[in-house]
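Notebook open, structure on screen.

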Amino acid sequence: GSTRPVSARRVDGGILVSGTKTFNTNSGGGGIANVGLTVDGEDNRGLLPWHALVPLDQPGVHCRHDWDVMGQRGTHSQTIDYDDVFVPDGWYYRASGAHMAVLGPYVFLMHAAIMLGCGYGAFDASLDYVRQLTRPSLAEFETATGDPLIRKRVGSFAATLEPSRAYLLDVAGRVERWEELKPDPTALMVEAMAAKVACVRAALEVTSGIFDLTGARSTANKYRFDRFWRNARTFSTHDS
């Protein structure tokens, strides 16, 4: 998304990094950013061919503090400008690891797992809340957890989350065994995208639906149940 992609040139003892990176996860509290880049005069094939570990208190690092979305606020994935930032030898490296044929499916499955985490987080939090309710939903039930409609809703959430999780793990198993199975790369990508769609739908349904289960009082800010929906809704838009 940057009109000034991050690149580096070699100097004595290291590299000088320049460019604008629009997404620097977990950069709000300082520390170190892992910056994907190209290196002048080197092999730059691949999605992010090189990586540099850049201390954010270095001269030439300009944080824009523009991370202002309704969810994922804790990641603080702001834009950062790097202007001839020195990175010493040993603090940058050539990317390696997954074959390009499985890199795409791997990323989609990682995103799917993050989404499903929001769903399960909301599910667990809502169950804890309902178990502690001190009054029944209707007079004919001794407790809220004895209400068959609430129990039906809980079962519906579980039945939404569990198949999505099973699908995610099944496709992940094929990615893990890629060298052995040698699946068709396009088919594997389609499966990974489908698994992500299933996890996104499950997470959005559960994170928005828990309020039907927990009731109006659970919308109080002290419970912060809305954080599950905000995080899921924001991250679900990562890929249009």
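Which residue forms a salt bridge with Asp43? I found Arg94, with the closest N and O atoms 3.4 Å apart. My rule for a salt bridge is a side-chain nitrogen of Lys or Arg within 4 Å of a carboxyl oxygen of Asp or Glu.

Before going on, I note that this is a predicted model, where local features need pLDDT of at least 70 and side-chain atom pairs count only at pLDDT 80 or more, while totals for chains, interfaces and linings use all residues. Residues are numbered from 1 along each chain as its sequence is written, and side-chain values use heavy atoms, with hydrogens and water left out.

**Entry 1: Arg94 and Asp43.** I looked up where the two sit: Arg94 is in strand 7 (residues 92-94) and Asp43 is in the loop between strand 3 and strand 4, 51 residues apart, so the pair links distant parts of the chain. Strands (E, at least two residues) and helices (H or I, at least four) are DSSP runs, numbered from the N terminus. Arg94 is partly exposed, at 32% relative accessible area, and Asp43 is partly exposed too, at 33%. Here buried means under 20%, exposed means over 50%, and partly exposed is in between (1.4 Å probe, protein chains only).

**Entry 2: Arg10 and Glu42.** I found a salt bridge here as well, with the closest N and O atoms 2.9 Å apart. Arg10 lies in strand 1 (residues 7-11), and Glu42 is in the loop between strand 3 (32-39) and strand 4 (50-55), 32 residues away. Arg10 is partly exposed at 40%, and Glu42 is partly exposed at 32%.

**Entry 3: Arg153 and Asp212.** Their side chains meet in a salt bridge at 2.9 Å, N to O. Arg153 belongs to helix 2 (residues 148-176) and Asp212 to helix 4, 59 residues apart. Arg153 is partly exposed at 28%, whereas Asp212 counts as exposed at 59%.

**Entry 4: the wider tally.** I get 13 salt bridges by this rule. I also spotted a network of them linking Asp170, Arg174 and Glu191.

**Entry 5: two helices.** Which residues of helix 4 meet helix 5? I listed Leu204, Thr207, Ser208 and Phe211, which meet Asp226, Phe228, Trp229, Ala232 and Arg233 in helix 5. Contact means heavy atoms within 4.5 Å.
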